[in-house]
Amino acid sequence: MKNNKTLLRIIGCLLFLASLSFSCKHHEDKYHSITDKINAESKNYHGTSISSENYIGDIQTIEITEGDHTFLIPERKSQIKSYNCTECHNKSLDRMQTGTIKKAHWDIDLIHANENTMDCSTCHNGNDMDNLKSITNKSIDFNKSYQLCSQCHTKQFEDWKGGAHGKRIGGWAPPRASMTCVNCHNPHKPHFESRWPVRYNTQKAKERE
């Protein structure tokens, strides 16, 4: 009887050791973790032949790096009708301002924040009109105006860097190319106006009467 118990214990130990050995073996359809599976399944993957370059077309782009993300954005300066600003602003802004002449940029209304919080000089550098400025008076290139927006809109900026906010040119196909804040939002009036649906809803029209 005693010998049988000893034999059963030995068999139990051997089965346990065998199970440990078996669990460590990687089979074709069995992995320790999802990371192991991804690494194994993607070992021979060499990417896709789809490219965003077919969709970028004639858009001039520049490459930027923000954090861990490097991607393309549209070049901005060549698209601004009145750039370089110093072609007209040949003196510092405080020397050009008088109360006797019609103000420049009369067609622009700043509807962005409370007027006690923001005015033209919040973003535009009166001593260097060819560049924008941060709230700490650091110079910001017009091509990287998103750095100006990111000072207040931090959540949207983080989402944009990762690709979750804003329009991507060519979808997720490499190389990544993304529109910037000013490609979709008017920087002086960024709020999107409410619009009617494309298809006119006659039932809703009757309900409003």
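Which loop holds N131?

**Figure 1. N131 in the loop between α5 and β3.** In this predicted model, N131 is found in the loop that joins α5 (120–123) to β3 (132–133). The residue is buried, its relative accessible area being 17%. Through its side chain, N131 makes a polar contact with the side chain of D128, at 2.9 Å. Apart from neighbours within four places in sequence, the contacts of N131 are N125, S139, I140, D141 and F142.

**Figure 2. Overview of the protein chain and its confidence.** The protein chain contains nine helices and four strands. Read from the N terminus, the order of these elements is α-α-α-β-β-α-α-β-β-α-α-α-α. The chain has 209 residues, of which 21% count as buried. Among contacts with a separation of 6 or more, 46% join residues 24 or more positions apart. The mean pLDDT of the protein chain is 83, and 81% of its residues reach 70 or more. Over residues 22–26, by contrast, pLDDT stays under 50. For that stretch the model has six contacts beyond four places in sequence. Where pLDDT is low, the predicted coordinates should not be read in detail.

**Figure 3. K161 in helix α7.** K161 lies in helix α7, which spans residues 154–162. Is K161 buried or exposed? With a relative accessible area of 12%, K161 counts as buried, because the limit for that class is under 20%. The side chain of K161 makes a polar contact with the side chain of E158, at 3.2 Å. Residues up to four places away in sequence being left out, K161 touches E66, H69, F71 and R176. Two of these, H69 and F71, fall in the range of strand β2 (69–74). The C-alpha atoms of K161 and T70 are 8.8 Å apart in space, although the two residues are 91 residues apart in sequence.

**Figure 4. V182 in helix α8.** Helix α8 comprises residues 181–184 and includes V182. V182 is buried, with a relative accessible area of 15%. Neighbours within four places in sequence aside, V182 is in contact with R76, S145 and P187. The C-alpha atom of V182 is separated by 7.6 Å from that of Y146, a residue 36 residues away along the chain.

**Figure 5. The second largest pocket.** The space in this pocket amounts to about 150 Å³. Its lining consists of 14 residues. Which of them lie nearest the centre of the second largest pocket? They are P74, E75, R76, Q79 and N183. By class, the lining has five nonpolar, six polar and three charged residues. R76, one of the residues nearest the pocket centre, is also a contact of V182. N183, likewise in that central group, belongs to the residue range of helix α8 (residues 181–184).

**Figure 6. Two cis peptide bonds.** Most residues other than glycine have a negative phi, and most peptide bonds are trans. The peptide bond from Y83 to N84 is cis, with omega near 5°. N84 is found in the loop between β2 (69–74) and α4 (93–96). P175 lies in the loop between α7 (154–162) and α8.

**Figure 7. N137, a residue with positive phi.** N137 is not a glycine, yet its phi is positive, at about 65°. Why does N137 count as exposed? Its relative accessibility is 57%, and exposed means over 50%, so N137 falls in that class.

**Figure 8. A113 in the loop between α4 and α5.** A113 lies in the loop between α4 and α5. At 37% relative accessibility, A113 counts as partly exposed. A113 and K189 are 76 residues apart in sequence, and their C-alpha atoms lie 9.1 Å apart in space.

Methods:
Residues numbered from 1 in each chain as written. Predicted model: local features only at pLDDT ≥ 70, side-chain atom pairs only at ≥ 80, totals over all residues. Heavy atoms only, no water. pLDDT = per-residue confidence, 0-100. Contact = heavy atoms within 4.5 Å. Buried < 20%, exposed > 50% of the residue type's maximum accessible area, 1.4 Å probe, protein only. Polar contact = N/O pair within 3.5 Å; in protein donor to acceptor, adjacent residues only side chain to side chain. 1 Å grid on protein atoms, 1.4 Å probe; cavity = no way out; pocket = protein on both sides within 12 Å on 5 of 7 lines; lining within 4 Å. Points joined across faces, edges and corners; volume = space filled by probe spheres on them. Nonpolar A, V, L, I, M, F, W, Y, C, P; charged D, E, K, R; others polar.
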